[in-house]
Structures are given as C-alpha cells and as structure tokens.
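Please examine the sequence and the three-dimensional structure shown below. The paragraphs that follow lead from the overall fold to single residues.

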Amino acid sequence: MILWFAAVEVAVAAAAGVLCVILGLFGRRPDDLTMGAAALVELLLVAQLVVAIIAPFAGNSPTGSILEFYIYLVVALIIPVLAGFWALVEKDRWSTVVLGIACLAIAVMVVRMNIIWTVQM
C-alpha cells in the first residue's frame, strides 16, 4: 500500500462524506454531485485494488494479515455501490446522508487497511 495514495483516499472519502451528510441534512436529494462524490471514492478504491495486487510483486509486502486486508478492501468496494443503489432507489434526503456515512466509513476502512499493510508485525 502506498502511503500518499492512502492519504489521498482518506481525504477524498472524508470530504465526500462530509459534503453528502451536510447536503442531506439540508434536505438535498441525491444528484450528480453527491453520486459523483461516491463514484470518485469507488474509483479510488478500484485503483487501490490494483495497487494492492501489484505492490507485493514490487517488494512492498504487507506486514499484517493479507486475508484481513483483502476482506477490508472487498467490503470497502461493495459499500459505495450499495449506498449508491439505495440512493437511486429511494430518492430522498436520507439517501444523501447514507451516501455520506458510507464515504466516511470508507475513510475509516482505508486507515485500517493502511495499518494492516504497514504497522503490524
């Protein structure tokens, strides 16, 4: 896992989460801005999957459990998709809040993935 890329992922996911939660609490329904923010988080997670597959071959092996890391990554890949599906099916302000909470959860999960990859012995 690349530290600067993980930091970018956390920053983007946290910003998208805060944006969606604030807009949802002000009554805004899911739109291109909120769905696009969640899609950007998903795109970064797909890039993280590619990096996680290539990194061990480049000499950047995880120090923690690789199984635990990939379970976190797969679940993180699923969360924005499910939140986006919910937002498309039920178009009310709470769907936007759900998108935000999903993005905030992704930020926490990426921090944990970085800990699994780099810190554990």
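Two residues are said to be in contact when they have heavy atoms within 4.5 Å. Of the contacts in the protein chain with a separation of 6 or more, 84% are accounted for by residues 24 or more positions apart. The model is a predicted one, in which local features need pLDDT of at least 70 and side-chain atom pairs count only at pLDDT 80 or more, while totals for chains, interfaces and linings use all residues. Residues are numbered from 1 along each chain as its sequence is written, and side-chain values use heavy atoms, with hydrogens and water left out.

The secondary structure of the protein chain consists of 4 helices and 0 strands, where helices (H or I, at least four residues) and strands (E, at least two) are DSSP runs numbered from the N terminus. Along the sequence the pattern reads α-α-α-α. The C-alpha trace spans about 45 × 20 × 20 Å along its principal axes. The radius of gyration, taken over C-alpha atoms, can be set against a globule rule of 2.2 Å times the number of residues to the power 0.38. For 121 residues a compact globule would have a value near 14 Å, and the 15 Å of the protein chain agrees with this.

How much of the chain is buried? A residue is called buried under 20% relative accessible area, exposed over 50%, and partly exposed in between (1.4 Å probe, protein chains only). Buried residues make up 39% of the 121 residues. Accessible areas come from the Shrake-Rupley method with a 1.4 Å probe, and for residues only the protein chains shown count as cover. The protein chain exposes about 6,400 Å², of which carbon and sulfur atoms supply 79%.

Apart from neighbours within four places in sequence, Ala13 is in contact with Val41, Cys103, Leu104, Ile106 and Ala107. The C-alpha atoms of Ala13 and Leu43 are 11 Å apart, although 30 residues separate the two along the chain.

The surface has features of its own. Patches are made of residues with over 30% relative accessible area and no salt bridge; like charges are joined within 9 Å, and nonpolar side chains (Val, Leu, Ile, Met, Phe, Trp, Tyr) within 5 Å. Val46, Val50, Ile53, Ile54 and Phe57 form a nonpolar patch with about 510 Å² of accessible area together. Ile53 belongs to helix α2 (residues 32–54) and is partly exposed, at 45% relative accessibility.

Side chains of opposite charge can pair when their charged atoms come close. A salt bridge is a side-chain nitrogen of Lys or Arg within 4 Å of a carboxyl oxygen of Asp or Glu, and the whole structure holds 2 salt bridges. In one, the closest N and O atoms of Asp31 and Arg28 are 2.5 Å apart. In the other, Arg112 and Glu68 have their closest N and O atoms 3.1 Å apart. This pair links distant parts of the chain, with Arg112 in helix α4 (residues 93–118) and Glu68 in helix α3 (residues 66–89), 44 residues apart. Arg112 is partly exposed at 25% relative accessibility, and Glu68 is partly exposed at 27%.
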